[in-house]
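Hi,

Here is the structure I promised to pass on.

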Amino acid sequence: MTVLDQLLVLSALTVVVTLLAGNRSFGGWLATLMYAGQGILLWQMSGLGYAATPVVESSLSFQVLNQTLHWRFDALSWFFALITVGAGLCSSWFSSGEWGQRYRQSGGKLGLLHFALAFNVFSMLMLLASGELLSMFIGWELVSWASFLIMAIGSATATRYAMRYLTYAIAGAMAILGAMALVYSITGSFEFDAFKAAVPAMSPSMLWMLFGLFAVGFGIKMALLPFHLWQAKAYAETPGPGAAFLGAISSRMGLFALVLVLVQLVGMAQLAKMEIPYTFLSARDLLAWIAVFTIIFPTYTALQQHDARRLLAWHGVGQTGYMLLGIVIAGDLGSAGGLMHVFNYATYQAMLFLVVTAVIHRTGTSDLNKLGGLVARMPISFFLLLIGIIGLAGLPPMNGFVSKWLIYRSLIVDANPLLFVAAVIGTLGTILSVYKLIHNIFLGQLRLEHTEVEEAPWSMLLPMVLLAAVVFVTGYFPGLVLDWVSAVQGAVGLPVLAHHLGGVAMDKGGLDMIWIVSVLLAGFGIGTLVFFAGGRSKRVHQLDNYAGGHFLTAETRYQYSDNFYPGLMHLIGPWYRKSFRWIERGFVSFIDILSQAMQGIYRNTHPVLYLLAVVVIALSWVVSQ
Amino acid sequence: MNNLLLLIALPLITAFLLPILDRVSTMLARLAGPVVLFITSAIGFWLWMQLGGQTVAIQLGGFLPPLGITFYVDQLSLLFAVAINVGTLLLWPDDGEDRLRRSILSLILAASGSGLALSGDLFNIYVFYELVAVVSYGLVASKSIPGAYAATIRYLIISAFGAVLVLTGIALVYQATGTLNLAQLAQLAPDKLNNLQGLAAFVLMLIGFGVKAELFPVNTWVPEVYATAPTRVSGLLAGVVSKLALIVIVRLLVLVFHQPEAQTVMLVLGILGVVTGELAAWRARDFNRMLAYSSIGQLGIMFIAFAIPGQAGVFAGLAVALHHLIVKPALFLLAERWGGSLEKLAGAARTSPLGAALFIVLALSLIGVPPFPGFWAKLLVLVHLGEQAQSLYYLGGLVILAGAALEANYLFRVASSFYYPDNKQELPPAHRRRDITIASVLTAGLVASVFVLSPLAERLDGIATQASDVPRYIQTVNPAALPEAQP
Amino acid sequence: MDTSLVMYIAAGGLLLIGSAGIVMSSHLVRIIFGIALLEAGANLLLLLASFREGATAPIIVDGHVPAIMADPVPQALVLTAIVIGVGILALALSLAIRVQRAYGTLDMREIRDRMAQEIADTASIDRPISSHAPLPVDVTSVPSPSEGKG
């Protein structure tokens, strides 16, 4: 049994354990330990992450219908698997303690949540380990249905959104299946190598058809525009840690498959050669622009939300655009940025969702207009959210800065000013909305009903502290992650980024995070010293103040939370006319009308009329042959 | 191998003896039917084991071909003969006021279905087909509600028209070749039937036999009949009888009508069937009709699959057909208690958790989610469609994929409503033990087949190869060279 | 005109009249008559396959073999087909009687409407099956109190 086999078996065992014991408290802890075990097994395969071993094979293989199914890990799979298992570990840890108990007491199906989480991790590992197109599709379907399961178990509303997801997901899966059938019809096999070898010889129309089908299929899972409508609400309604897990890694499975098929097998160079007629765009440019619009629109939608979970979920939609943008630019910098962003984003998205879940756990609400000032009661959560926000906004000293820097730099190097400006606009939106998040929850005036709120329990804080530590450390020493990223680049056929522990060294100004973070910490250190040693500061109550000639009282609400950016909204508000929703609704109505018409066919008075008509038509066609 | 005729004779005799038995002892009459079907199924299984990989021709009455009627026994026909017997046994009508009549009709259905599967003579096939049709009229009307009568008479009208078309087709074939023995037709077809007359005959027979096989557009009877007939009868019709009619068409296609235009007609009608069936199912608001439309869609997929030339088409179509043969009756068994408005099914998981779980498994297989057998069947069809490299076949593939996406939506809309009821609503009734047991057995068989997928696929491949082997057919039926028939 | 052409025209005409009857009539009994005519036409067509100019019955009388013999097989087939047709007609008429007793009418349009209504009632579908009925299940819009500009 190779290490990969052990990993898959352990993951399957986790599924079984959660099925049997998920509802008990020890079940959750046991599952968490098993995720840690999977992490250890992954670490044993770390040769993949350092380009020491190219591939780890699995001894599992099936022969069905003259096709051999086999599984293997390479650097790309290992990188994503690391994120998957890490996200699963943190979510399971979070939900094993007090949160799980409260969830079970309030009627939630904790066992089912644990089972769904374990099944998600298992199916994702199966997808990541796929060895040819058929096993990739099997893994893909398993992942889609596992996501559906974890989305659907929360409540009736969650099930409705999950159904919407399912419609999109199966449509995407069918597109992929169609593309696979086409590949098989050309090459006669599902193997990756056969596909790769056949690509140069394919006709442009075939290439476009394959590109379109694969891009649509993977794009639906990644929630690229215009298929992005399902993700935000579905992720927001998933029960607490489930949402963290999904937000962290679930839609990145689409990115994994895209990198695997379109970058490793087809090649960005090939895509750059495919010109769209009558435009200056190639297929690669098309993807880049879709990515950019995916960054901009959902991020500004996020800033309009006043539910914390919806805000974070809409962010998830937007940040995928950065990852895709980086990978599509395909230089060494850009693809490194895109891939690193997958890792970075997983860490702080998981952390942010977990913090918000902790806030909901303590206060009972996620409505941003009903929170405020919790920094006084939940300081550690505040600090963790702050770290996450700095990361999400892409500011030093957190790891988000590194990946965003890489992407911006690659856009400039690649001479793409429009894309660069668009990416920066996206970051502006991100900064605005995360500030809204932290302000409305933690800063400002503490509400009367929240004056007795306690800090989140340690079972919830520890996984978040772990994630925050990862965010900070990988921000300080980005070379740690860049090692893995460059192994992926090598495996996939992208140019490898030369880097060192602190970042990237380039002629015209590189990145050295060690210097930057040290300077920042030194600056903060000096500032803190001055602040505390100066002795001029005095602790006062927040309401020990006056405004407009009146003293402030606790009952009056001074917290500014609603309509947070009125000026900006005045500018961009009219643009948000829910056009995509309108398109979606239109499509569904179209299907409904067709369906009605078909039912009308079957409900007629004279069924024999059709028979006669078809006989006449068929016979006249026969005669004309 | 002559014991094979017991598959036809025994149920027929029992059917006619049942009224007399009923006068003597009700218990005896109640048991006689299932016992006889059990015996015939056992005989069928035993003959299957004995058959191995050979093919046998039984000349009825000792009349040598082409003058007599031949029964051709290969793995495909034996499989479906056993299937109709086992299916009728599993979906045996339960006790009601017209139990006797339904038992008689079910026995005759088993007998004539076996004959239909095994027969090797075109007019004999027509006779058995009409027998199956008449019996199905009786079975569909057996729920004595006015809607059933109306649905039956409408079904009868279409079916009678279809029978006339088949007869006309047979007339054309006989005129061209002077024989109705399938083996001799296979011999003569390249010369005599590879023309306009042959194609016209095929189209007529396709549409005629297609009534039972739920071919578009002669499948307008399907939603009404499935909604008003007893659910077991619907399960039998949708599951087994439609496949029998389909196999007849496939035999004709493989043996006699080799023109590519014949396959084109099947392909076009199959595509239309999938489109209309799946789209109509999207808005279905009661369980029975949702299953009916879904059935139309799945049979459309089978027609598309069988329209692929060569052994590949037979293999792919057979896989889909056998998969549907197990799934649809199981779903109809669940519909026994769940028939009715879909909105009323909310919360069914509370009263019938096993039923809800079975529905989910069956739905996943129907949509084509790996690792269930439905996925492998659809993959086969899609792969072979892709190999054809003609735009019409690509359209067929596209339509199948779109249909699967629609199926996922409407089936899981129902499934998720099982688990999240609205607040104040009466929960749907639980299933009867008998229904749920048989449904569980069928679903368990489906799941078990996942583990033996490779050997199963090889077996099916062998069956398909044997079925598409035309020289073997001719050789088995008449080893000596045939004299030319007198036109 | 030779006999066979007349007969073919007759068979085709019967098929045509029968189909026209079924398709154009809305009275159940007329439709059943149409089926009868259709079957007659098809039987005639089948019989014509055995037609030979100047043929006699294929019976050897006193060792004398007729020069041209009519093909006996289609005649046997037609006999069977006629019997099947008669059986189906009988069944159809009995069903028509039942329908008439249940619905009080033999008009196909009304029968269809009543049947559709009955199916809808049995399935407890409250709303009428009309082409103007609103959409039953809205898969996209879910009431979302917390969405909107913040």
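A definition to start with: a residue is called buried under 20% relative accessible area, exposed over 50%, and partly exposed in between (1.4 Å probe, protein chains only). Also, this is a predicted model, with local features needing pLDDT of at least 70, side-chain atom pairs counting only at pLDDT 80 or more, and totals for chains, interfaces and linings using all residues. Residues are numbered from 1 along each chain as its sequence is written, chains are lettered from A and ligands numbered from 1 in the order in which they are written, and side-chain values use heavy atoms, with hydrogens and water left out.

Salt bridges, then. In chain A, Lys370(A) pairs with Asp367(A), with 3.2 Å between the closest N and O atoms. Asp367(A) is buried at 17% relative accessible area, while Lys370(A) is partly exposed at 42%.

In chain B, Arg432(B) bridges to Glu336(B) at 3.4 Å between the closest N and O. Arg432(B) sits in the loop between α17 (391-419) and α18 (433-451), and Glu336(B) in helix α13 (311-338), so the bridge ties together parts that are 96 residues apart in sequence. (Helices are DSSP runs of H or I, at least four residues, numbered from the N terminus.) Both are partly exposed, Arg432(B) at 27% and Glu336(B) at 24%. They also belong to a salt-bridge network with Arg232(B) and Asp435(B).

Now the interface of chains C and B. Taking contact as heavy atoms within 4.5 Å, 47 residues of chain C touch 43 of chain B. The two chains bury about 4000 Å², 76% of it on carbon and sulfur atoms; that is the accessible area (1.4 Å probe) lost on being put together, summed over both. On the chain C side, Leu95(C), Met115(C) and Ile119(C) lose the most area to chain B, together 13% of what that side buries.

Cheers

Definitions and conventions: Salt bridge = Lys/Arg side-chain N within 4 Å of Asp/Glu carboxyl O. Helix = DSSP H or I, 4+ residues; strand = E, 2+ residues; numbered from the N terminus.
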